[in-house]
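Dear colleague,

Please find below the structure that I am handing over to you. My notes on what was found in it follow directly after.

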Amino acid sequence: VLAAGCAPGLKLYVTYWYPAERRARVFAVLLLAPVLGGVLLGPATAALLSVADGVGGLRAWQWLFLGLAAPCFLLAVLVAARLDDRPSQARWIAPAEAAALERHAAAALAEESAGARNASAGPWATPDLVTFAVVALAIGFASGTLVHVVPLALRRASDDAALVGLLSAVPYLVGGLATLYW
């Protein structure tokens, strides 16, 4: 439930801080977070599953659940406590610089909104929206495959949990490097 609002919330947050011409780069960096998670968590998960079974009366999958959930909750609390909503609220930015950031981001957002309202074909008939929908669907299928099917297939090929963890990190690593290169 908490993760569902994370990506849209971050995208909205970025619009308050960055002008349109810089947002794509910022979004690309944000999109690397799940990739980095996949690279790091594949081997970490394998290690945890291989050593944690029975520790403290919990099964390995229960430790995995706790080990993956705890950092998310801690990060959510940290973000809520430390991240300022807008540049004007940030104490670490000079007031003049904060005002300039907000003006620039607001102007870009107003320009984007005006362009969207003036689209003659309507928002549902644009080729960009259809392309976006197809790409979003493909990403969903690919993510589901990476998260669920790849580790399962690797596990059937090998009983070595460490090897499965390392190999399941490879697609994330390749995707991350491609994102940086692209």
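The count of salt bridges comes to one, where a salt bridge is a side-chain nitrogen of Lys or Arg within 4 Å of a carboxyl oxygen of Asp or Glu. Its partners are Arg 59 and Asp 53, whose side chains meet at 3.1 Å, N to O. Side chains of opposite charge can pair when their charged atoms come close. Asp 53 is partly exposed, with a relative accessible area of 44%; on this scale, buried means under 20% relative accessible area, exposed over 50%, and partly exposed in between, with a 1.4 Å probe and protein chains only.

Please note that this is a predicted model, in which local features need pLDDT of at least 70 and side-chain atom pairs count only at pLDDT 80 or more, while totals for chains, interfaces and linings use all residues. Residues are numbered from 1 along each chain as its sequence is written, and side-chain values use heavy atoms, with hydrogens and water left out.

As to the overall fold, the protein has six helices and zero strands, so that its elements run α-α-α-α-α-α from the N terminus on. Helices (H or I, at least four residues) and strands (E, at least two) are DSSP runs, numbered from the N terminus. Of the 182 residues in the protein, 18% are buried. Contact means heavy atoms within 4.5 Å; among contacts between residues at least 6 apart in sequence, 56% join residues at least 24 apart. The protein exposes about 13200 Å², and carbon and sulfur atoms supply 72% of that area. Accessible areas come from the Shrake-Rupley method with a 1.4 Å probe, and for residues only the protein chains shown count as cover.

Helix α1 covers residues 6-17, and its 12 residues should span 16 Å at 1.5 Å a residue; the end C-alpha atoms are 17 Å apart, which agrees. The expected span is 1.5 Å times one less than the number of residues. Val 14, Thr 15 and Trp 17 are buried in this helix. Seen down the axis of α1, the buried residues fall within an arc of 165°, so they line one face of the helix; the arc is that of the directions from the helix axis to the C-beta atoms.

Val 14 has a relative accessibility of 5%. Not counting residues up to four places away in sequence, Val 14 touches Arg 23, Val 26, Phe 27 and Leu 30. Val 14 and Asp 85 are 71 residues apart in sequence, with 9.8 Å between their C-alpha atoms.

Pro 87 lies in the loop between α3 (60-82) and α4 (95-117) and is buried at 0% relative accessibility. Leaving aside neighbours within four places in sequence, its contacts include Tyr 16 and Trp 17, as well as Ala 98 and Leu 101. From Pro 87 to Tyr 16 the C-alpha distance is 7.6 Å, across 71 residues of sequence.

On the surface, Leu 36, Leu 40, Leu 41 and Leu 68 form a nonpolar patch with about 360 Å² of accessible area together. Patches are made of residues with over 30% relative accessible area and no salt bridge, with like charges joined within 9 Å and nonpolar side chains (Val, Leu, Ile, Met, Phe, Trp, Tyr) within 5 Å. Helix α2 (residues 20-51) gives the largest share of this patch, three residues, and Leu 36 is placed in that helix.

Lastly, Leu 180 in helix α6 (residues 161-181) is exposed, with a relative accessible area of 60%. Leu 180 and Ala 28 are 152 residues apart in sequence, yet 8.0 Å apart in space, C-alpha to C-alpha.

With kind regards
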